[in-house]
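Here is a short report on one protein chain. Look over the sequence and the model before reading on.

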Amino acid sequence: QVHLLESGGGSVQPGGSLNLSCVVSGSTFNGKCIGWFRQVAGKEREKVATIHTSSTISDIDDSVKGRFTIHQDNAKKAVYLEMGSLKPEDTATYYCASGSPQSMYWGNCEASHRYNNWGQGTQVTVSP
C-alpha cells in the first residue's frame, strides 16, 4: 500500500512562496505517477502538476505555469511542488496523489484518472 505524506503548507502573503513535499512510502518510488491536486471547499478538485517518477516527464497546469514547478528526489522518495508568486486564488487544500502510468519507464502522467491513492492534504492560504 502506497502511503503519501504531504507537508509544507501554511499561510503566506500574495507574492510569497511555499514548498510542498510529498514523501512516498510502502512501495518502490520508480514507475509511478505522482501528482499535486488542489481543492477549495464546494468546488471540484483540480490538477496542478504531475510527474512520472521514471521518465521524470512533468506537466504543469496552465493556471500555475511559470509560477509553480514540480520535481523529485529519488533518494528521499519525495516529490516537491515549489510555488512562487502566490495569489489569493491559489488558496486551497493541496493533495498529493499517486497512480500507475501507462508505461513504467516512459511517458507522462497528465491523465487525472490515473490517480487512485491520496494523501491527507495540506492547507495553503494566501492572503494579505
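Does Trp106 count as buried or exposed? This is a predicted model, and the surface comes up first.

## A nonpolar surface patch

Trp106 counts as exposed, because its relative accessibility is 66% and the cut-off for exposed is over 50%. The residue lies in the loop between strand S9 (92–99) and strand S10 (115–118). Together with Met104 and Tyr105, Trp106 makes a nonpolar surface patch of about 430 Å². In soluble globular proteins, nonpolar side chains tend to be buried together.

## The cores

The largest nonpolar core has 26 residues. Trp36, Val48, Phe68, Ile70, Leu81, Met83 and Tyr94 touch the most other members. S3 gives the most, with four residues.

A second, separate core has five residues. Cys33, Phe37, Cys109 and Tyr115 are among them.

Met83 shows the packing in detail. Leaving out residues up to four places away in sequence, Met83 touches Gly16, Ser17, Leu18, Asn19, Leu20, Arg67, Phe68, Tyr94 and Val124.

## The whole chain

The chain has eleven strands and zero helices. Its 128 residues are 46% buried. Of the contacts with a separation of 6 or more, 60% join residues 24 or more positions apart.

The radius of gyration is 14 Å, which agrees with the value near 14 Å for a compact globule of 128 residues. The C-alpha atoms fill a box of roughly 45 × 30 × 25 Å along the principal axes. The accessible surface comes to about 6,500 Å², and carbon and sulfur atoms hold 48% of that.

Terms used. Residues numbered from 1 in each chain as written. Predicted model: local features only at pLDDT ≥ 70, side-chain atom pairs only at ≥ 80, totals over all residues. Heavy atoms only, no water. Patch = residues over 30% accessible without salt bridge, like charges linked within 9 Å, V, L, I, M, F, W, Y side chains within 5 Å. Areas by Shrake-Rupley, 256 points an atom, 1.4 Å probe, with all protein chains shown as cover. Salt bridge = Lys/Arg side-chain N within 4 Å of Asp/Glu carboxyl O. Helix = DSSP H or I, 4+ residues; strand = E, 2+ residues; numbered from the N terminus. Buried < 20%, exposed > 50% of the residue type's maximum accessible area, 1.4 Å probe, protein only. Core = buried A, V, L, I, M, F, W, Y, C linked by side-chain atoms within 4.5 Å. Contact = heavy atoms within 4.5 Å. Rg over C-alpha atoms; globule rule 2.2 N^0.38 Å.
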